[in-house]
Amino acid sequence: QVHLVESGGGLVQTGGALRLSCAASGGSLGTNSMGWFRQAPGKEREFVAVESWNGAFLDYGDSVKGRFTISRDNAENTLYLQMNDLKPEDTAVYYCAATTKHFLPGSRNHYATNEYYYWGQGTQVTVSS
């Protein structure tokens, strides 16, 4: 059972930056594909970014490409999401998620929340205009 805890959220102005962290316990990040999702009030949970278990495959949602970067430190068992040039529409609760599934380029399976087995409790990001 992998336990995930997100941190690093907060209030930031438009154009600002934040780095989210997701600390894992009970399992190794190195054997899991890891993703970030977000959910704004009244909306469905949305795919943000994914990194495959071996780091060979990365993908981002269209709305964050070029602004967000996913990375991990397997030694620290921690996943990160660097968010730059933040916009008010980025305001949401951000969740990290883990799965033992191996995603492949050309597939969109990693967009689906039901592909992930473990979820954190979320961290709030608010971007003011």
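**Exercise 1. Is Leu 18 buried or exposed?**

Start with the cut-offs: buried means under 20% relative accessible area, exposed over 50%, and partly exposed in between (1.4 Å probe, protein chains only). Leu 18 has a relative accessible area of 15%, so Leu 18 is buried.

The model is predicted: local features need pLDDT of at least 70, side-chain atom pairs count only at pLDDT 80 or more, and totals for chains, interfaces and linings use all residues. Residues are numbered from 1 along each chain as its sequence is written, and side-chain values use heavy atoms, with hydrogens and water left out.

**Exercise 2. Find which residues Leu 18 is in contact with, leaving aside neighbours within four places in sequence.**

Contact means heavy atoms within 4.5 Å. Among the partners of Leu 18 are Gly 8, Gly 9, Gly 10 and Val 12. Further along come Leu 81, Gln 82, Met 83, Leu 86 and Val 125.

**Exercise 3. Describe the surroundings of strand β8.**

Take β7 (residues 68-73): this strand and β8 pair in the antiparallel sense over 6 bridges. Ser 71 stands opposite Tyr 80 in β8. β7 and β8 form a hairpin with 4 residues between them. In the turn, Asn 77 has a positive phi of about 55 degrees. Finally, check burial: 5 of the 6 residues of β8 (residues 78-83) are buried, so β8 is largely enclosed by the rest of the structure.

Notes: Helices (H or I, at least four residues) and strands (E, at least two) are DSSP runs, numbered from the N terminus. Two strands pair if DSSP finds at least two bridges between them.
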